[in-house]
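Here's a quick briefing to read alongside the model. Have the sequence and the 3D view open as you go through the points.

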Amino acid sequence: LRERILYVALLFVGVLVAGSCVLTPLAPGAQRKVVADFGLASIDVLGVLVILLSGCGLVRRDIERRSLEVLLCKPVSRFEYLMGKCLGLFSTLCALVAVMTVLFFTLALVSGFGWRIQFLWAIAATLLELLIVASVAVLFSVVTSPMLAAFFTL
């Protein structure tokens, strides 16, 4: 909540509804495909945005606030610290993708297009992709500045 990650879900709803309302009339006969493609692409793009905004500065923020020095003098290894950071980012991404999936499911039902099991497979593949990108972001966060980490991750 401090990072305001949940605002991304609100942004997702706004982008999804606005995009569906604008793009659906432009593709007569393919409204279902437009809503599905736009919803799945929005999940992917907003997930990468969350990774770039929060994941690339994870370690650097602790170094600048000097909380890393205090934490590593305790019986916590560096590996455990980095795994904790990765698992925290992973759980945030999983929760965010779950919320966006529910919102996408709701929009699909409200718009009358229904839900397909293939959407879940696509969202699961997107989540796997986001977890890999988050791992890369944490890797670059350890060795470079947040701006370079975001650039290399992107």
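The largest cavity is lined by Arg32, Val35, Ala36, Phe104, Ala108, Phe113, Gly114 and Phe119. This is a predicted model, where local features need pLDDT of at least 70, side-chain atom pairs count only at pLDDT 80 or more, and totals for chains, interfaces and linings use all residues. Residues are numbered from 1 along each chain as its sequence is written, and side-chain values use heavy atoms, with hydrogens and water left out.

**Cavity**
- A cavity here is a set of points, on a 1 Å grid over the protein atoms alone, where a 1.4 Å probe fits but cannot get out; lining residues have an atom within 4 Å of a point.
- The count comes to one cavity of 30 Å³ or more, and the largest holds about 30 Å³ of space; volume is the space filled by probe spheres set on the points, which are joined across faces, edges and corners.
- Helix H2 (31-55) and H5 each supply at least two lining residues, with H2 giving the most, at three (helices are DSSP runs of H or I, at least four residues, numbered from the N terminus).
- By class, the lining has six nonpolar, one polar and one charged residues; Ala, Val, Leu, Ile, Met, Phe, Trp, Tyr, Cys and Pro count as nonpolar, Asp, Glu, Lys and Arg as charged, and the others, Gly among them, as polar.

**Helix H5**
- H5 (residues 78-110) has 33 residues and reaches 48 Å from first C-alpha to last, close to the 48 Å expected (1.5 Å times one less than its number of residues).
- Its buried residues include Tyr81, Phe90, Met100, Phe104 and Ala108 (buried means under 20% relative accessible area, exposed over 50%, partly exposed in between, with a 1.4 Å probe and protein chains only).
- Just after H5, Gly112 takes a positive phi of about 85°.

**Aromatic pairs**
- The whole structure has three aromatic pairs (rings of Phe, Tyr and Trp, with its six-membered ring, whose centres lie within 6.5 Å; planes under 30 degrees apart are stacked, over 60 edge-to-face, the rest tilted).
- Phe140 and Phe152 have ring centres 5.4 Å apart and planes at 55°, so the pair is tilted.
- Phe140 sits in helix H6 (residues 117-143) and Phe152 in helix H7 (residues 146-153), so the pair ties together parts 12 residues apart in sequence.
- Phe140 is partly exposed at 22%, as is Phe152 at 41%.
- Phe140, Phe151 and Phe152 form one aromatic cluster.

**Cysteines**
- The search finds zero disulfides (cysteine sulfur atoms within 2.5 Å).
- Cys73 is exposed at 61%, whereas Cys94 is partly exposed at 33%.

Notes:
1 Å grid on protein atoms, 1.4 Å probe; cavity = no way out; pocket = protein on both sides within 12 Å on 5 of 7 lines; lining within 4 Å.
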